[in-house]
There are 2 protein chains.
Amino acid sequence: MSSHAPIPDARDPDPALLAGGSPLPDLRAPFRERQPRPRPGTTWLPEDPAAVEDAPLRVRVSRWMQRLHDTLTEFFEDRDGGGRFQEDAWLRPGGGGGVSRVLTDGHTFEKAGVNRFAGGGAIPSEVAARLGARDLPDGPVEFYATGVSIVCHPRSPMIPIVHMNVRYFELTAEDGSRVDYWFGGGLDLTPTHPFPEDAVHFHRTLKRICDRHHPEFYPRGKSWCDRYFVNTHRDNEMRGIGGIFFDNLRGGGDEELSTEALFAFVRDVGLAMRPAYGPLVERHRDDEWGTRERDFQLYRRGRYVEFNLVHDRGTRFGLQTNARIESVLMSLPPLARWGYCVDFDEGTWEHRAQEMLMPADWADGVPAHLLPPTR
Amino acid sequence: MSSHAPIPDARDPDPALLAGGSPLPDLRAPFRERQPRPRPGTTWLPEDPAAVEDAPLRVRVSRWMQRLHDTLTEFFEDRDGGGRFQEDAWLRPGGGGGVSRVLTDGHTFEKAGVNRFAGGGAIPSEVAARLGARDLPDGPVEFYATGVSIVCHPRSPMIPIVHMNVRYFELTAEDGSRVDYWFGGGLDLTPTHPFPEDAVHFHRTLKRICDRHHPEFYPRGKSWCDRYFVNTHRDNEMRGIGGIFFDNLRGGGDEELSTEALFAFVRDVGLAMRPAYGPLVERHRDDEWGTRERDFQLYRRGRYVEFNLVHDRGTRFGLQTNARIESVLMSLPPLARWGYCVDFDEGTWEHRAQEMLMPADWADGVPAHLLPPTR
């Protein structure tokens, strides 16, 4: 993917976030020359470059999402060092659409999906209420939503799976007046090999980013994550080691932050992939692994499938509506395995990996029950 | 598994059904001597061998289910020719329990699960009504359920996946009087390679068995299957090529058959595995296949996972209750794969395989749109 101008509003994203990670200089340039990927050709975004500074929030957010999408596409292409995203733009029958970018069979990533969506339509007030909307009028309202979502399944079992999304939701009444609007999003990690120090790095990075905006963002976002990404049918085993998630963040809400301050927070969350996940890719890129590690990875991926198809609200919503199925199920791993009564003896690294799958105060360091390492 | 006496009531099961298939004489005897498998040690079944002739229906059905379980375990061990079932008996906290038998990494079957359950407890009348019960009193009722269910994932992509279950359900009032009782069950096939003639064999066998009992059983059971095993989120693609399914079959119901006549039908359905599926295993046992066939099989297994986790009522019920999760998810394949926007050109055998995944009158022969073969 060709390079992009930096995110226009330079006030909030920390330059260190944009600069983090290693650029893989050996592979990047020749790859780019060899396989130039066309720029996204999407046209439905409400966008008037000349008017961005004064544009309504939804326009500014949508434009930022488009840039974030490109930035993160580039991030994963760089980290992959050889793979290439396939891009599909699609329109939703009810209005709006998306741009799905999927990297399959890359050098580093067996599958990475980087999606953007933007669109809207009429919805009943009851549905809007269920999404957490307030101050709703009687009758239908118009919604507009835009966001970026990512799932990445590395080839190496030593590199964890990562998932993130950021989204903006807005409701307008029939007369065009804005009724309600909010931000949501988050980032979480699913290791397929036990490196407790990776979880510590991931959480500390998220906490540092959150704390710059509000002291409650990290503890609230982490707790939401710990409660949500749970395979209740598997004795409440977590899908991974969590991260942060949030929804219905409004200006003047509990945190008494302005809408602009929340937008700045969401921008930092969107860019947190680089400092939170990038170093883990580099740290484990050259780790050796064999069939035992691969088998365990495929088995953990099976649990990932279970969570996404059985519990994940976004996936289930997508399956029940006219969403584009290939984008909804982009999160599923390229290969997964199921055993019967699979169990691991204490003292094995597989057992240790499973012991990581419960809520822990990762930002405080490696939890006591995971010390000393058994590897 | 050691051999068993034939099903005691010899009146109804067609002896040809019991005798069908090939016994793999070369492998069977040494395997049995080498690895004797313990007999099931389950004790909660209401069973009094001396009283079986005069026993209540639930006792006779439960006893038959136990024998069917053994018979089908033996069927799959014989067909596998080397693999061995692992048996686990488990108790459900609310009452009753099951015996799960799983064959993993066999010669012929990558995974085969043969489960039996028997048990009951109190349920609210509303829940019973949702299951289709009639003549319910106010307040709670006691249920008793017993059944056998099977899912088999062959190693070779040329051999189709098979699924079956038979079940009996009974409700009693607080005074112990029987309120309602019915049978359910079925058998369906999921090919992972296009052999339309296999689907014809499977459906003709089921039709022949059904027609012996009532002319409406096959068309009704097939139609139910065609409507149920559908991935609605995948443009209504069927999970496989269907088969028969039925529920709430009661004596004196629409078919004006006695309870005994229905029990005889259910017994034949339980034994239909041998004539309907056995010949397909033998037909394709020695077919050659490579990575292209294997890849397609894993991809079709992905759709199987989607149906079972997203749509299957039994699985979803199991996930939401305190069912034994390893038995509920025994149906998931050992390995499955997901691609992104996977598509197959017309003229390829993969395309042909997908063209089989829509309702067709298989018992009438290969449908016109699948002729002539492109292989």
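A residue is called buried if 20 or more other C-beta atoms lie within 10 Å of its own, exposed if 12 or fewer do, and partly exposed in between, with C-beta atoms placed from the backbone. By this criterion, 47% of the 375 residues of chain A count as buried. The structure is a predicted model, in which local features need pLDDT of at least 70 and side-chain atom pairs count only at pLDDT 80 or more, while totals for chains, interfaces and linings use all residues. Residues are numbered from 1 along each chain as its sequence is written, and chains are lettered from A and ligands numbered from 1 in the order in which they are written.

Chain A has 12 helices and 10 strands; helices (H or I, at least four residues) and strands (E, at least two) are DSSP runs, numbered from the N terminus. Two residues are in contact if their C-beta atoms, placed from the backbone, lie within 7 Å. Of the contacts in chain A with a separation of 6 or more, 68% involve residues 24 or more positions apart.

Helix H5 of chain A (residues 196-211) has 16 residues and should span 22 Å at 1.5 Å a residue, which agrees with the 22 Å between its end C-alpha atoms. The expected span is 1.5 Å times one less than the number of residues. Among the buried residues of H5(A) are Phe202(A), Leu206(A) and Ile209(A). The cover over the buried residues of H5(A) includes strands S6 (178-190) and S9 (242-249) and helices H6 (217-228), H7 (259-271) and H8 (273-284) of chain A.

In S9(A), 6 of the 8 residues are buried. S6(A) and S9(A) pair in the antiparallel sense over 6 bridges, where pairing requires that DSSP find at least two bridges between two strands. Within S9(A), Gly243(A) stands opposite Asp188(A).

Chain A and chain B each contribute 23 residues to the contacts between them. On the side of chain B that touches chain A, strand S2 (97-104), helix H9 (291-311), helix H11 (325-328) and strand S10 (335-337) each supply at least two residues. The largest share, 4 residues, comes from H9(B). This side of chain B divides into 16 nonpolar, 2 polar and 5 charged residues; Ala, Val, Leu, Ile, Met, Phe, Trp, Tyr, Cys and Pro count as nonpolar, Asp, Glu, Lys and Arg as charged, and the others, Gly among them, as polar. Strand S10 of chain A (residues 335-337) and S10(B) pair in the antiparallel sense over 3 bridges, and Leu335(B) is the bridge partner of Arg337(A).
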